[in-house]
Amino acid sequence: MKVQAPYYAVIFTSLRTPSDEAAYAAMAAKMNELARRQPGFLGMEHARGTLGITISYWDSLASIEAWKSHPEHQLAQEEGRKTWYEWYQIRICRVDREYDFQRTASDGHQ
């Protein structure tokens, strides 16, 4: 993701229940697609093991609040608390700068 800083990151860390994996996956896919269509959405990254981490990136705090308040997202949040999550934590951070590394063929490694 190449976006000019500053921007905001919402870090959603969760511990899942063992219930209804198919319904969870369907809702996660629906929320992913819905978030991508929201004004101010910049990107998203996921990692899932025992602990799940989803980071979504937004252009403003107002965009984050609008996403949190979206009616379909609120229904998903309610179902998540009722069925899919043992625990979750949300952190909202401002990203002031970023940098990265990418290996290339000229580095001499494959």
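Thr13 sits in strand β1. The model is predicted. Thr13 is buried, since its relative accessible area is 7%, below the 20% cut-off for that class. Its side chain is joined to that of Arg91 by a polar contact of 3.4 Å. Beyond residues up to four places away in sequence, Thr13 touches Leu51, Gly52, Ile53, Trp87, Tyr88, Gln89 and Arg91.

Strands of a sheet pair through backbone hydrogen bonds.

β2 pairs with β3 (residues 51-58) over seven bridges, in the antiparallel sense. Within this part of the fold, Glu45 stands opposite Ile55 of β3.

**The core**

Which residues form the largest nonpolar core? There are eleven: Tyr8, Val10, Met31, Leu34, Ala35, Phe41, Met44, Trp58, Ile64, Trp67 and Ala76. At least two residues come from each of β1, α1 (21-36), β2 and α2 (61-69). The most come from α1, which gives three residues. In soluble globular proteins, nonpolar side chains tend to be buried together.

Trp67 is one of the core residues. Leaving aside residues up to four places away in sequence, Trp67 touches Met31, Leu34, Ala35, Gln38, Trp58 and His73. Met31, Leu34, Ala35 and Trp58 are also listed in the core.

**After β4**

Glu98 belongs to the segment after β4 (85-95). Is Glu98 buried or partly exposed? Glu98 counts as partly exposed because its relative accessibility is 35%. Its side chain makes a polar contact of 2.3 Å with the side chain of Tyr7. Glu98 and Gln4 are 94 residues apart along the chain, yet their C-alpha atoms are separated by 9.0 Å.

| Residue | Partner | Polar contact |
|---|---|---|
| Thr13 | Arg91 | 3.4 Å |
| Glu98 | Tyr7 | 2.3 Å |

Thr13 is buried, whereas Glu98 is partly exposed.

Key. Residues numbered from 1 in each chain as written. Predicted model: local features only at pLDDT ≥ 70, side-chain atom pairs only at ≥ 80, totals over all residues. Heavy atoms only, no water. Helix = DSSP H or I, 4+ residues; strand = E, 2+ residues; numbered from the N terminus. Buried < 20%, exposed > 50% of the residue type's maximum accessible area, 1.4 Å probe, protein only. Polar contact = N/O pair within 3.5 Å; in protein donor to acceptor, adjacent residues only side chain to side chain. Pairing = 2+ DSSP bridges. Core = buried A, V, L, I, M, F, W, Y, C linked by side-chain atoms within 4.5 Å. Contact = heavy atoms within 4.5 Å.
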